[in-house]
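Here are my notes on the model you sent over. Have it open while you read.

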Amino acid sequence: MANARKAAVKLLTKLDENSAYSNILLDKELDRYKLDERDKHFATALFYGCIERRLTLDRIIDSRLVRRADKLSLEVRNILRTGIYQLLYMDSVPDHTAVDESVKLVDTRRNPALPGFVNGLMRGFVRDGKPLPEGKNEAEKLMYEYSCPLWLVQKWTDEYGAKTAKDMLRTSTGRPPVTARVYTTKTTPEKLCELLISEGVGCETVSFPEGCVKITGGSPENTEAYRQGLFHVQDISSQLCCAAVDPKPGMTVLDICSAPGGKSFTMAELMENKGRLLAFDLHENRVRLIRKGAQRLGLDIISAEPNDAKIFKSDMPQADRVLCDVPCSGLGVIRRKPEIKYKSPEEFERLPDIQLAILSASSGYVKKGGVLVYSTCTLSRAENDDVIDRFLSENKDFSPCPIGGTLGDSFKASITPDKFGSDGFFIAKLIRNG
């Protein structure tokens, strides 16, 4: 595992230096280290784990330094982060192995004393019983327990209540589930599972939602079943969003912010590939992802084009269904992209105005009696409920419409990860008055 630990440290340091997205960096860089599958899994778990628990790990490191923590090089800090992460969160790694292997990663050319420093800090942490940092109040305790910034702990507590906020924090860490949407016109969940299992991919049928399977291991994108277009990977909450849109065969449907296209694919499948589905994104390179996915799945009713969603276009067709899955802060998917939670809240302040602009422009494409669905993958009242409230107050020709199905009769729903094991999500459904 020595090379796996070294790879994790290198990738974390590169992430710190370049502020890249973790999933993009890992996909791009991991193969360079020529690890076998077992070491790849270990390096990936260590990489994501250290990002996810960075706040707690840094507090532990800082509390055990004599001098200011920011004097540490990024590489030494990441050696300590990976080492302490193994001590705290990887039961399969013995303490002495975590310490010894961390010391071996230290480059002694610049400072011969560094191995002793890393060894002393980590052994001292073990000797003290590996204590988590203590908070001065309940919010700070949760901050360190779940490695979540204090502003986000307080925001979720204020907006969703203490119990729900704690459930959200608890489900914001750990390995996220992977689910796939089955193209049921071509196959069944049971048959797809048989095919994937025969190709070495773990797969289970699930009772909810219909047409969904759970991937329990392996790389489904590297299978013949994937190349045949029998499924696409999609979280449960996105599948529920498509069900809320409720597209029917023969309808005209617009997916305003579509890339990489997962919801367009599911909606086209619900339409039995009959009708017209126009999918858009701002950037041509992301539009190509939609076209490529639709082609693989054989969904020829999908037409993908670039479009600035904030600007109304009078030549756009009137549609039976319009989905606005708008850009957002992503606070519902921090289990998949943990670096999001370390952003400053000020970075999200402009989003509600952008989201409202997209929703307002898109509402012009909904025919009378048609349905407009607004969705985000965030858990933030400002980006969800407040945007919908502002829209309804300014657009009297739209009314709330019950979502129906599993999400009930309310016209809006905040899906927290503890409900279905899905990503955090928000859905609001409106109807244009006839």
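This is a predicted model: local features need pLDDT of at least 70, side-chain atom pairs count only at pLDDT 80 or more; totals for chains, interfaces and linings use all residues.

1. Residues are numbered from 1 along each chain as its sequence is written, and side-chain values use heavy atoms, with hydrogens and water left out.

2. The protein chain has 18 helices and 12 strands (DSSP runs numbered from the N terminus: H or I of at least four residues, E of at least two). Its radius of gyration over C-alpha atoms is 24 Å, close to the 22 Å from the globule rule for 434 residues, so the chain is as compact as a globular protein of that length (the rule is 2.2 Å times the number of residues to the power 0.38).

3. Buried residues, meaning under 20% relative accessible area with a 1.4 Å probe and protein chains only, make up 53% of the 434 in the protein chain.

4. On to the second largest pocket, at about 390 Å³ (an open set of points on a 1 Å grid over the protein atoms alone, with protein on both sides within 12 Å along at least five of seven lines; lining residues have an atom within 4 Å of a point; the volume is the space filled by probe spheres set on the points). Of its 19 lining residues, Arg-181, Pro-209, Glu-210, Gln-239 and Ala-243 are the closest to the centre.

5. Which elements give two or more residues to that lining? They are α13 (236-245) and α14 (262-270), and α13 gives the most, with five.

Definitions and conventions. On a 1 Å grid over the protein atoms alone, a cavity is a set of points where a 1.4 Å probe fits but cannot get out, and a pocket is an open set with protein on both sides within 12 Å along at least five of seven lines; lining residues have an atom within 4 Å of a point. Buried means under 20% relative accessible area, exposed over 50%, partly exposed in between (1.4 Å probe, protein chains only).
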